[in-house]
Amino acid sequence: MNLQISLIQQIDVLLPQTQCGLCGHRDGCLPYAKSIAEGEAANKCIPGGQPVADALAHLLNREKLIAEQSVWPIQADGRPQRMKAIIREDECIGCTKCISACPVDAIIGSGKLMHTILTDLCTGCELCIPPCPVDCIDLIEDIRSIPTENIRIAEENDLRNRYYAHIQREEKRQINRKGPVVRAAIDSELFSQMTQENKALPSIEMLQKSETISSPIDAKTTIELAKLRTQIKKLEKQLSVRTDDKKQQQLHDLQLQLSVLQDESL
Ligand code: SF4
Ligand code: SF4
Ligand code: SF4
């Protein structure tokens with residue numbers, strides 16, 4: 001294994017594997033590890049907090065830096081408060097957008113059915129919140145006790161493996177994508193290179209992308225989308241003044257139709 005790859009792996013081992021992108025690296029911990037190896041400051045991992053910034057400074061023999069601050073309070077282990085996402089299930093329209101946004105595959109459900117988050121796996125990375133069209137995902141404090149060092153490392157290894165499996169699945173889906181696209185495509189090449197160097201990681205095979213050109217949305221679909229949006233706005237306005245179960249159900253159905261039509265027109 002070449003020295004640079006070995007250093008990237010040693011850095012990656014110290015990162016929390018939340019894959020949240022808060023360090024400024026949209027594709028998660030490994031791209032940040034690579035960038036640190038190339039000279040970027042090692043204090044930008046927000047979920048890792050001061051313990052991770054210090055461990056990286058020690059590994060790299062660099063000056064210790066103050067870790068970038070989280071919006072959450074600091075726990076007894078010096079890391080920011082762990083969070084979890086939960087879905088308000090009675091409001092979920094089953095659009096599936098949150099599923100492909102979750103880097104560690106912690107959400108289950110299928111089209112038009114209620115979705116649920118497997119809370120033991122959820123890292124609170126928040127990536128599922130922006131794509132949800134009905135804003136029915138909340139973040140709550142993770143009230144479980146702070147894990148021991150060994151448990152945390154085992155959890156991080158599991159999250160890393162889950163992310164690699166997620167990347168491979170997304171890579172395959174891009175060939176013939178039917179579901180919604182909710183985040184920019186992950187740059188899989190670096191991950192694929194790592195799996196070639198380290199056989200313990202789930203392998204990532206780069207697939208040849210088809211040369212399909214997406215067709216622009218046709219006029220009929222554009223009109224249909226505009227109609228649905230107008231109806232939704234009207235109902236939302238009415239419901240903000242007075243609650244009405246029948247109208248709430250109509251709103252729910254229209255939001256689902258809009259979501260399905262948007263996905264079909266991608
Ligand atoms: S856990 Fe830290 S290193 Fe990993 S993506 Fe989030 S901020 Fe970046
Ligand atoms: S369920 Fe949401 S908050 Fe939890 S890990 Fe998945 S994307 Fe992140
Ligand atoms: S994105 Fe929101 S509405 Fe869609 S399936 Fe997930 S929780 Fe339900």
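Read along the sequence, the protein chain runs α-α-α-β-α-β-β-β-α-α-α-α. That gives 8 helices and 4 strands. Helices here are DSSP runs of H or I with at least four residues, strands are E runs of at least two, and both are numbered from the N terminus.

Some ground rules. This is a predicted model, where local features need pLDDT of at least 70, side-chain atom pairs count only at pLDDT 80 or more, and totals for chains, interfaces and linings use all residues. Residues are numbered from 1 along each chain as its sequence is written, while chains are lettered from A and ligands numbered from 1 in the order in which they are written.

Now the chain as a whole. It has 266 residues, and buried ones make up 30% of them. Buried means 20 or more other C-beta atoms within 10 Å of the residue's own; 12 or fewer is exposed, in between is partly exposed, and the C-beta atoms are placed from the backbone. Next, contacts. Two residues are in contact if their C-beta atoms, placed from the backbone, lie within 7 Å. Take the contacts in the protein chain with a separation of 6 or more: 63% of them join residues 24 or more positions apart.

On to helix packing. Two packed helices are described by the angle between their axes and the distance between the axes. Axes are lines fitted to C-alpha atoms, for helices over the stretch in contact, and angles run from 0 to 180 degrees between N-to-C directions.

Start with α1, residues 3–14, and α3, residues 49–60. Their axes come within 9 Å and cross at roughly 155°. That makes α1 roughly antiparallel to α3. The cut-offs: under 35 degrees is roughly parallel, over 145 roughly antiparallel, 65 to 115 roughly perpendicular, and the rest oblique. The crossing of α1 past α3 is right-handed. Right-handed means the near helix is turned clockwise from the far one by less than a right angle; anticlockwise is left-handed.

Which residues meet? From α1 come Gln10, Ile11 and Leu14; from α3 come Val52, Ala55, Leu56 and Leu59. By class, this contact of α1 with α3 has 6 nonpolar residues, 1 polar and no charged. For the classes, Ala, Val, Leu, Ile, Met, Phe, Trp, Tyr, Cys and Pro are nonpolar, Asp, Glu, Lys and Arg are charged, and the others, Gly among them, are polar.

α1 also packs on α2, residues 29–37. The angle is about 125°, and the axes are 8 Å apart. So α1 is oblique to α2. Again, α1 passes α2 in a right-handed crossing. Gln4, Leu7, Ile8, Ile11 and Asp12 of α1 meet Cys29, Leu30, Ala33, Lys34, Ile36 and Ala37 of α2. That contact divides into 8 nonpolar, 1 polar and 2 charged residues.

Next, the ligands. A residue is near a molecule if its C-beta atom, placed from the backbone, lies within 6 Å of it. Ligand 1 is surrounded by 16 residues, the closest being Thr18, Cys20, Cys23, Cys29 and Cys45. Its shell has 10 nonpolar, 6 polar and no charged residues. Ligand 2 has 14 residues around it, with Ala85, Cys102, Cys122, Cys125 and Cys128 nearest. Ligand 3 has 15, and Cys92, Cys95, Cys98, His115 and Cys132 are closest. That shell has 10 nonpolar, 4 polar and 1 charged.

Most residues other than glycine have a negative phi. Gln17 has a positive phi of about 65°. Gln17 sits in the loop between α1 and α2. Is Gln17 buried or exposed? Buried, with 24 other C-beta atoms within 10 Å. Glu126 also has a positive phi, near 75°. Glu126 lies in the loop between β3 (116–117) and β4 (137–141). With 16 C-beta neighbours inside 10 Å, Glu126 is partly exposed.

Last, two residues with partners further along the chain. Ile99 lies in α4, residues 97–101. Ile99 is buried, with 20 other C-beta atoms within 10 Å. Beyond four places in sequence, Ile99 contacts Ile107 and Gly109. Asn161 is in α5, residues 149–175. Asn161 is partly exposed, with 15 other C-beta atoms within 10 Å. Ser203 is 42 residues from Asn161 in sequence, and their C-alpha atoms are 9.6 Å apart.
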